[in-house]
Number of protein chains: 2
Amino acid sequence: MKHKDNHSSALAALKANVLKLTEMQEAEWEDFSSHWHYCSLEKGEYLIREGETERYFYYVISGVLRGYFLIDGEEICVGFTYDDDYSGSYDSFLSQRPSEWYLQAITDTRLLRISHSDLMHMFDQYKSVERWGRMFNAKILIGMSRRQLEVRSYTAEEKFERLMSQSPHIFQLVPQKYLASYLGMTPETLSRLRKKRK
Amino acid sequence: MKHKDNHSSALAALKANVLKLTEMQEAEWEDFSSHWHYCSLEKGEYLIREGETERYFYYVISGVLRGYFLIDGEEICVGFTYDDDYSGSYDSFLSQRPSEWYLQAITDTRLLRISHSDLMHMFDQYKSVERWGRMFNAKILIGMSRRQLEVRSYTAEEKFERLMSQSPHIFQLVPQKYLASYLGMTPETLSRLRKKRK
DNA sequence: CATTCAACTTGATATAGATCAAGTTCGCTT
DNA sequence: AAGCGAACTTGATCTATATCAAGTTGAATG
């Protein structure tokens with residue numbers, strides 16, 4: 001029963017994560033967790049494409065995803081998701097309007113997901129889930145504020161140095177060209193900065 | 001009773017705004033609204049400064065505010081708030097940690113505000129308020145996603161043109177130097193773009 | 001293990017927009 | 001309405017980073 005084991009250990013991880021933001025009674029958790037289903041993506045597959053409306057909210061068990069939008073044929077990377085984090089085109093999920101960006105697995109990825117209608121139903125039913133939703137949104141929002149400051153305040157070199165010192169592991173997980181885009185520079189510039197640092 | 005009139009018409013505006021996001025029973029609204037208090041700022045005064053922790057959540061009745069952060073002595077403008085919108089260093093309010101940015105009134109401003117502890121109490125008490133909180137966070141988050149795309153995808157000239165066509169009124173309300181910073185360019189560059197357009 | 005294609009590196013050149021330096025205009029204050 | 005300072009404009013440079021153009025490496029595949 002490999003699949004079942006996977007699923008229950010994934011749910012345990014999700015549970016720990018959810019309980020960081022809200023208290024929840026055991027019966028509530030039982031019901032809530034029953035709406036999350038296992039799914040997976042192979043390297044290169046898309047979770048969502050521009051123009052599609054996001055019908056699921058995801059929790060990443062393992063793997064790495066990159067989010068990007070496409071402007072005049074150029075891919076602009078907005079972020080990455082790793083294990084023990086949530087994913088999906090969240091603004092599209094919330095507004096239920098077409099996504100403006102893509103989410104692609106850059107390694108094989110295992111996830112749990114809950115559908116929009118199931119989650120809305122959970123919000124209606126349980127105040128604890130409603131609170132989790134509010135707190136989760138708050139957390140994302142705080143992260144986006146930080147990131148906004150980061151993107152706007154620093155030169156290419158400073159952004160590189162800050163990422164280097166704050167998340168060195170990312171340089172192992174993510175190809176340079178995506179990182180360069182994430183940092184708002186060309187791959188050539190990133191390559192030169194790395195050389196300079198050695 | 002000028003002040004009282006002010007206050008009750010402001011509350012009516014707030015009520016209409018709140019009801020856009022959630023249903024609320026009349027008794028709930030009565031209680032919720034009793035925690036909002038009137039306050040005002042003169043042009044140039046600060047709603048909050050970097051390092052202070054945001055204790056209030058604001059609703060702007062009239063006036064214009066600008067938000068900015070300060071990096072190496074340079075002010076970087078992140079946004080503006082007008083009437084019928086919410087304000088405050090919202091990430092600081094949510095996390096109850098020191099604000100990383102400033103909020104300054106650029107005209108005389110009238111506001112309503114609710115304290116963090118009162119709002120938390122309201123969240124505990126009413127599911128409808130909890131939902132409003134979640135929906136409100138979602139709305140902010142969606143706006144930030146859009147703005148992120150805007151900031152990262154376009155050249156100075158494109159950003160200028162887009163702002164010109166989407167919010168021409170802003171050019172009347174906000175001094176050029178703040179707008180330039182908001183668009184991520186120097187005042188000189190904005191001036192040249194305006195000239196070019198004529 | 002040879003081949004191939006994409007990912008990186010490196011160098012030469014181009015350019016958008018910054019910076020520096022005078023003006024000029026506009027809105028307050030007295 | 002005169003005078004002042006801040007906000008804008010305009011022009012002349014400067015520079016960080018993009019772009020273009022070859023290489024080189026390296027991982028995946030038959």
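A salt bridge is a side-chain nitrogen of Lys or Arg within 4 Å of a carboxyl oxygen of Asp or Glu. The legends below describe a predicted model.

**View 1. Salt bridges and polar contacts between chain B and chain A.** By this rule, ten salt bridges are found across the interface of chain B and chain A. One of them joins the side chains of B:Arg131 and A:Glu130, with an N to O distance of 3.0 Å. Polar contacts link 22 residue pairs between chain B and chain A, both residues of each pair being at pLDDT 80 or more.

**View 2. The side of chain B that touches chain A.** Several elements of chain B give two or more residues to this side, including the strands β4 (65-71) and β5 (74-81) and the helix α5 (127-153). The greatest contribution comes from α5(B), with 19 residues. By class, this side of chain B holds 19 nonpolar, eight polar and ten charged residues.

View 3. In the interface, 37 residues of chain B are in contact with 37 residues of chain A. The two chains bury about 3,500 Å² between them, and 62% of this area lies on carbon and sulfur atoms. Within chain B, the most area is lost to chain A by B:Arg134, B:Leu141 and B:Arg152, which together account for 21% of what that side buries.

**View 4. Packing of helices α8 and α9 in chain A.** Helix α8 (residues 176-183) and helix α9 (residues 187-197) of chain A pack with their axes 8 Å apart, at an angle of about 100°. Therefore α8(A) is roughly perpendicular to α9(A). Among the residues that make the contact are A:Leu179 and A:Leu183 of α8(A) and A:Leu190 of α9(A). The contact comprises five nonpolar, one polar and two charged residues.

Conventions
Residues numbered from 1 in each chain as written. Chains lettered and ligands numbered in written order. Predicted model: local features only at pLDDT ≥ 70, side-chain atom pairs only at ≥ 80, totals over all residues. Heavy atoms only, no water. Contact = heavy atoms within 4.5 Å. Buried area = accessible area lost by both parts, 1.4 Å probe. Polar contact = N/O pair within 3.5 Å; in protein donor to acceptor, adjacent residues only side chain to side chain. Helix = DSSP H or I, 4+ residues; strand = E, 2+ residues; numbered from the N terminus. Nonpolar A, V, L, I, M, F, W, Y, C, P; charged D, E, K, R; others polar. Axes fitted to C-alpha atoms, helices over the stretch in contact; angles between N-to-C directions. Parallel < 35°, antiparallel > 145°, perpendicular 65-115°, else oblique.
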